[in-house]
Amino acid sequence: MNRAAVIALTALAPISWGSTYAVTTEFLPPDRPLFTGLMRALPAGLLILAVTRVLPRGAWWGKAAVLGALNIGAFFPLLFLAAYRLPGGVAAVVGSVGPLFGAGLAALLLSERPTARTLLAAIAAAFGVSLVVLRAGAGLDLVGVLAGLASSASMSAGVVLTKRWGRPEGVGPLVMTGWQLTAGGLLIAPVALLAEGAPPALSGTNIAGYLYLALANTAVAYWLWFRGIERLTATSATLLGPLSPITAAVIGWAALGEALTPVQLAGMTLAFGATLVGQLQPRRPAPAGGPLPAPAPEAKPVATRR
């Protein structure tokens, strides 16, 4: 599969996550963010484990727990805390700094040196998102801002460590997705019970919303996400993140009757353009004294032991 196809499939994950706000507000019971996070992660993870029937072995019990905590178990509660403490636009802008966290961690742990173009793309994407979602008079809350930054750092660290550790030989991305969703869901469960009490009574509409979040928005989306991380650089993957608030704005306009101003449209264009620029591979310098040699045929990836 060529790189453009990999990017397109991986981008479906943040695009899917952009529908979370609309589904939450229109289909789910109010004021149950942790229960919603639990229902997104644990049923999907257990379903994948039941289908694949593969459990971690050896050191991968600990690695799966760490990745599940970073990508799911810590990320979801911190994200929802930021969403409840901050206006939606501010929370989205705070979250949009994720590519900068990702670039820094990738440089430290993966020796991926960010180019000036990559850093400018990350900054431009965050600025574009701010134009889309910020409103006049939006307030700031220190706890909410710190939670939003921590959620971005958690997801970025999860992406980088997923890239660094890879996966055990013979284990596919779907199995890794199941391990992480289950571990993250088990981490959220006691927190949700202590903070929100017993689960609420659910209507048919609520159940339909949770089924969508668990299957399409989480199981399939995270499988595509982890699959893409293996094939892209960590920085390229995190730079797909701004597609989520862009999608949320488009859904709000198309399905919820929310208006889009010229400033928002300009911000969407800027953020989307920056995301595309962030996917461009740096050019290799030409050798001194002559033109570039003809490119060698692309070699097929070789599985390595992790």
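# Briefing on an all-helical predicted chain

The chain exposes about 15400 Å², and carbon and sulfur atoms supply 70% of that area. The model is predicted. Its chain has 14 helices and zero strands. Of the 306 residues in the chain, 44% are buried.

**Overall build**

- Read from the N terminus on, the elements of the chain run α-α-α-α-α-α-α-α-α-α-α-α-α-α.

**Aromatic pairs**

- A search of the whole structure finds seven aromatic pairs.
- One of the seven pairs is formed by W17 and Y222.
- A second ring partner of Y222 is F226. The centres of these two rings are 5.7 Å apart and their planes stand at 40°, so this pair is tilted.
- Y222 and F226 are four residues apart in helix 11, and therefore about one helical turn separates them.
- Are W17, Y222 and F226 buried or exposed? W17 is buried, with a relative accessible area of 15%. Y222 is buried at 1%, and F226 is buried at 3%. Buried means under 20% relative accessible area, so each of these values falls within that class.
- Ring pairs join W17, F75, F76, Y222, W225 and F226 into a cluster.

**Charges over rings**

- Which residue has its charged end over the ring of F35? R32 does, and its charged end sits 6.0 Å from the centre of that ring.
- K63 lies over the face of W60, at 5.0 Å from the ring centre.

- R53 has a phi near 55°, which is a positive value in a residue other than glycine.
- Where is R53 placed? R53 lies in the loop between helix 3 (33–52) and helix 4 (60–73).
- R53 is exposed, with a relative accessible area of 75%.
- S111 is not a glycine either, yet its phi is positive, at about 60°.
- The place of S111 is in the loop between helix 7 (98–109) and helix 8 (116–133).
- S111 is exposed, with a relative accessible area of 62%. Exposed means over 50%, so both R53 and S111 belong to that class.

**Confidence of the prediction**

- The average pLDDT of the chain is 83, and 84% of the residues score at least 70.
- Over residues 285–292 the pLDDT is below 50. Beyond near neighbours in sequence, this stretch has five contacts in the model.
- Over residues 298–306 the pLDDT stays under 50. For this stretch the model has five contacts beyond four places in sequence.

Methods. Residues numbered from 1 in each chain as written. Predicted model: local features only at pLDDT ≥ 70, side-chain atom pairs only at ≥ 80, totals over all residues. Heavy atoms only, no water. Phe/Tyr/Trp six-rings, centres within 6.5 Å; stacked < 30°, edge-to-face > 60°. Buried < 20%, exposed > 50% of the residue type's maximum accessible area, 1.4 Å probe, protein only. Helix = DSSP H or I, 4+ residues; strand = E, 2+ residues; numbered from the N terminus. Lys NZ or Arg CZ within 6 Å of the ring centre and 35° of its normal. Areas by Shrake-Rupley, 256 points an atom, 1.4 Å probe, with all protein chains shown as cover. pLDDT = per-residue confidence, 0-100. Contact = heavy atoms within 4.5 Å.
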